[in-house]
Amino acid sequence: MTSPDLTKTQASPASDRAGRGDPAGSGLALSLSGVGKRFGAVQALSDISMEVAAGEVVALVGDNGAGKSTLVKIIAGVYQPDAGEIRLDGKPVSIAGPRGAQNLGIATVFQDLALCDNLDVVANLFLGRERRQLGVLDEVSMEQEAWRLLRRLSAKIPSVRIPIAALSGGQRQTVAIARSLVGDPGIVILDEPTAALGVAQTAEVLALVRRLRETGLGVILVSHNMSDVLAVADRIEVLRLGRNAASFRAADVSVEQLVAAITGASERDRAERGEAPIGGTQQTKTVDAPAGETS
Ligand SMILES: Nc1ncnc2c1ncn2[C@@H]1O[C@H](COP(=O)(O)OP(=O)(O)OP(=O)(O)O)[C@@H](O)[C@H]1O
Ligand SMILES: [Mg+2]
């Protein structure tokens with residue numbers, strides 16, 4: 001029943017290779033092109049492209065309503081796109097529902113974490129995917145796997161037998177991330193993982209994100225926090241009004257430049273003055289900021 005999934009062969013967790021931008025080869029490469037999604041009269045996404053390589057952290061940023069959650073839900077199989085193509089390791093895929101995403105090696109940690117407070121760490125990690133032997137819960141195997149996953153994250157959880165209610169916010173986020181690794185995914189999507197956390201806990205979670213990258217996973221990080229994004233991302237994709245507004249390498253961009261790309265203000269000013277886009281040649285691409293046509 002737990003036979004995790006058929007496509008996870010690429011996602012061996014064993015490797016400890018890879019630093020920034022140095023794919024370990026154990027994750028999956030995800031690429032989107034031309035993705036669109038409409039909700040009634042609202043065109044939430046238009047012609048979106050995005051790529052995530054194994055061993056890479058790509059941050060997805062944008063103002064409220066920019067389309068981040070919609071895009072994440074499309075990759076997570078919650079919504080079907082109206083247009084465009086999604087490829088995994090170069091092969092076009094259709095992501096039929098959240099279970100379909102899991103089977104393809106795409107795991108998502110949604111913002112609410114969806115943990116059960118009264119259950120312990122092991123029970124939460126295997127919720128709905130319990131391991132059994134001869135029909136009986138295989139607690140030993142699940143506990144061993146729980147420790148393996150937490151070690152993989154270098155996570156600081158005192159015991160896997162304490163209820164979630166007894167953990168700090170950062171530890172809960174850790175458990176939620178560990179749970180996303182249960183099916184050995186190649187891509188992990190984190191939606192605002194530090195939004196509810198204090199300084200020290202945020203640092204812990206950012207360290208986890210780096211650990212995911214080091215083990216060769218491709219990570220998509222949705223965040224409103226520009227310093228978090230600059231601290232862990234390799235690349236940053238900016239969405240505005242449902243379109244790709246800009247794409248940066250984190251090493252090449254400042255908070256001010258990011259904010260300008262998110263709001264579109266600076267792009268408009270520069271376009272009006274006929275100047276080159278911010279980021280200049282260091283920018284990996286700039287997709288037409290809708291100059292002047294928005295309020
Ligand atoms: N289920 C839905 N039905 C109708 N409209 C929707 C739905 N989901 C999203 N939208 C609309 O699509 C657009 C993009 O929304 P989305 O939630 O993806 O933005 P976001 O970037 O995640 O914003 P936030 O930072 O506020 O979470 C918005 O205009 C939103 O109102
Ligand atoms: Mg959102």
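Leu 221 is in contact with Val 57, Ala 59, Leu 60, Leu 190, Val 209, Val 229, Val 232 and Ala 233, leaving aside neighbours within four places in sequence. This is a predicted model.

The largest nonpolar core has 78 residues. Within this core, Val 209 and Leu 221 touch the most other members. Val 209 is also one of the contacts of Leu 221.

One open sheet has six strands, in the order 6-9-10-3-11-12. Its pairing is mixed. Strand 6 (106-109) and strand 12 (243-249) stand at the edges. Each has a single partner strand, so one side of each is left without a neighbour in the sheet. Direction ignored, neighbouring strands of this sheet are turned by 20° against each other on average.

Strand 3 covers residues 57-62, and strand 11 covers residues 235-240. These two pair in the parallel sense, over five bridges. Take Leu 60: its bridge partner in strand 11 is Glu 237. Leu 60 is also in contact with Leu 221.

Strand 4 (residues 83-88) runs antiparallel to strand 5, and three bridges join them. Ile 86 has Val 93 as its bridge partner in strand 5.

## Around ligand 1

Which residues surround ligand 1? They are Phe 39, Val 42, Ala 44, Gly 62, Asn 64, Gly 65, Ala 66, Gly 67, Lys 68, Ser 69 and Thr 70. Two elements give two or more residues to this shell: strand 2 (42-52) and helix 1 (68-75). Helix 1 gives the most, with three residues.

By class, the shell has four nonpolar, six polar and one charged residues.

Conventions. Residues are numbered from 1 along each chain as its sequence is written. Chains are lettered from A and ligands numbered from 1 in the order in which they are written. This is a predicted model: local features need pLDDT of at least 70, side-chain atom pairs count only at pLDDT 80 or more; totals for chains, interfaces and linings use all residues. A residue is near a molecule or strand if its C-beta atom, placed from the backbone, lies within 6 Å of it. Helices (H or I, at least four residues) and strands (E, at least two) are DSSP runs, numbered from the N terminus. Ala, Val, Leu, Ile, Met, Phe, Trp, Tyr, Cys and Pro count as nonpolar, Asp, Glu, Lys and Arg as charged, and the others, Gly among them, as polar. A nonpolar core is a set of buried Ala, Val, Leu, Ile, Met, Phe, Trp, Tyr and Cys residues joined through C-beta atoms within 7 Å. A residue is buried if 20 or more other C-beta atoms lie within 10 Å of its own, exposed if 12 or fewer, and partly exposed in between; C-beta atoms are placed from the backbone. Two residues are in contact if their C-beta atoms, placed from the backbone, lie within 7 Å. Two strands pair if DSSP finds at least two bridges between them. Axes are lines fitted to C-alpha atoms, for helices over the stretch in contact, and angles run from 0 to 180 degrees between N-to-C directions.
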